[in-house]
Amino acid sequence: MELGDRMLRALLSGLGRKGGTRGWAFSSWQPYLPLAGLLSATEVVSHWTAVFEKRGIPEAQASSEYIVAHVLGAKTFQSLRPVLRTQPLSPWQLQHVQKLSSYRLQRMPVQYILGEWDFQGLSLKMAPPVFIPRPETEELVEWVLKEVTQSSCPMGAQGGPLILEVGCGSGAISLSLLSQLPQSRVIAVDKGEAAICLTQENAQRLRLLDRIQIVPLDVTLEGSWSHLLPWGPMDLVVSNPPYIFHQDMEQLAPEIRSYEDPVALDGGEEGMDIITHILALAPWLLKDSGSIFLEVDPRHPELVGSWLQSRPDLSLDLVAVRKDFCGRPRFLHIRRSGPQCGCLMEA
Ligand SMILES: C[S@@+](CC[C@H](N)C(=O)[O-])C[C@H]1O[C@@H](n2cnc3c(N)ncnc32)[C@H](O)[C@@H]1O
């Protein structure tokens, strides 16, 4: 995906926006009168762009383009056939656009309004309050895939790595890894019931149910892992855990604060609560030389490095830090020490 696309997709989910809250947009919204007359898709986009701009809705044009394209059966406005952009919308289509746009006026993220969103080329169902996968996480998946495919040593009994995902949300990471690693099997856990159901539904839609076990589980509860590893220890643990520093939660954009589950975001005082639980479990979860890939806050590489030094008993090394498309250090590769066989060695 192009850098510009990633940026836009990040902005549409309110990611990284601090402040800019317009509480009034939520409380004083009045329905707009339905547009009347013969209006083309292009004119409807212009109308709603102007309305969104007037009401301080972020990414006004992209939001209205996505909504109109969705009502006309396309993913993006740019992909609409030219004739569909210029011919008048039916009264039903106009009403549908109006209804979806009213949700946007209430700061609902576009992904929830449309009910689906693409991640790594997979169309995933989205539903509040389950976390909307962000474009940065696609970079985490790409890194994992690169490391796995470049590894010189076969992983897993069937030749593909056994992967555990902690905090699967909509299933974005697990399902994209499974779809690109046909020999792999995944255990996906989450403590949220809505997340477990959505991962299940997305796995079914993508016909990947036969290689995934989806388990409701809170990683912070002691002993919860004992029955979890039917295939033995894992080759990889991947997670985009809740990692926002608690004091930063207040500054999140209204799109996030009002619609996404805070449990998916709040990582505690230093954003490390779930990260440290995952790391502390590594000796039980991972094979020798197994790897953990994490998405984190830019302050975490240093914090995690220091934390690991204070826990030599875990035999974990921070072997690489990667930057995201904005140049911020956001992804960690941590390896469990053990006999080396060239698996997932950093270049
Ligand atoms: C940032 S979201 C990531 C979702 C998904 N992996 C993605 O990248 O789109 C974090 C997920 O971790 C889950 N989670 C939070 N605390 C957890 C815990 N203690 N045990 C298991 N899952 C947890 C949340 O429910 C949420 O779905």
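Mentor: Before we start, one definition: a residue is buried under 20% relative accessible area, exposed over 50%, and partly exposed in between (1.4 Å probe, protein chains only). This is a predicted model, so local features need pLDDT of at least 70, side-chain atom pairs count only at pLDDT 80 or more, and totals for chains, interfaces and linings use all residues. Residues are numbered from 1 along each chain as its sequence is written, and side-chain values use heavy atoms, with hydrogens and water left out.

Trainee: OK, salt bridges. How many are there by the rule?

Mentor: The count is 17. The rule is a side-chain nitrogen of Lys or Arg within 4 Å of a carboxyl oxygen of Asp or Glu.

Trainee: What's the N to O distance for Glu136 and Arg330?

Mentor: Their side chains form a salt bridge at 3.8 Å. Glu136 sits in helix α8 (residues 135-150) and Arg330 in strand β9 (residues 329-336), so the bridge ties together parts that are 194 residues apart in sequence. Helices (H or I, at least four residues) and strands (E, at least two) are DSSP runs, numbered from the N terminus.

Trainee: And Glu136, buried or exposed?

Mentor: Buried, at 2% relative accessibility. Arg330 is buried too, with a relative accessible area of 5%.

Trainee: What about Arg311 and Asp313, how far apart are N and O there?

Mentor: 2.8 Å, again a salt bridge between the side chains. Asp313 is exposed at 51%, while Arg311 is partly exposed at 28%. There is also a network: Glu136, Glu295, Asp324, Arg328 and Arg330 are joined by salt bridges that share partners.

Trainee: Which residue does Lys191 form a salt bridge with?

Mentor: Asp218, with the closest N and O atoms 3.9 Å apart. That pair links distant parts of the chain, 27 residues apart: Lys191 is in the loop between β4 (185-190) and α10 (193-205), and Asp218 is in the loop between β5 (212-216) and β6 (234-239). Lys191 is exposed at 52%, whereas Asp218 is buried at 17%.

Trainee: Switching to the ligand. Which residues come nearest?

Mentor: Glu165, Gly167, Asp190, Asp218 and Asn240, out of 20 residues around the ligand. To count as near, a residue needs a heavy atom within 4 Å.

Trainee: What sort of shell is that, by class?

Mentor: The shell has 11 nonpolar, five polar and four charged residues. Here Ala, Val, Leu, Ile, Met, Phe, Trp, Tyr, Cys and Pro are nonpolar, Asp, Glu, Lys and Arg are charged, and the others, Gly among them, are polar.

Trainee: Now the polar atoms. Which ligand atom does Glu165 sit 2.8 Å from?

Mentor: A nitrogen, and the Glu165 atom is a polar side-chain one. Asp190 has a polar side-chain atom 2.6 Å from a ligand oxygen. Lys191 comes in through its backbone, with an N or O atom 3.2 Å from a ligand nitrogen. The protein buries 97% of the 600 Å² that the ligand exposes when taken alone. Those areas come from the Shrake-Rupley method with a 1.4 Å probe, and for residues only the protein chains shown count as cover.

Trainee: How many bridges join β1 to β2?

Mentor: Four, and the two strands run antiparallel, β2 being residues 122-125. Strands pair if DSSP finds at least two bridges between them. Ser123 in β2 is the bridge partner of Asp118.

How values were computed: Polar contact = N/O pair within 3.5 Å; in protein donor to acceptor, adjacent residues only side chain to side chain.
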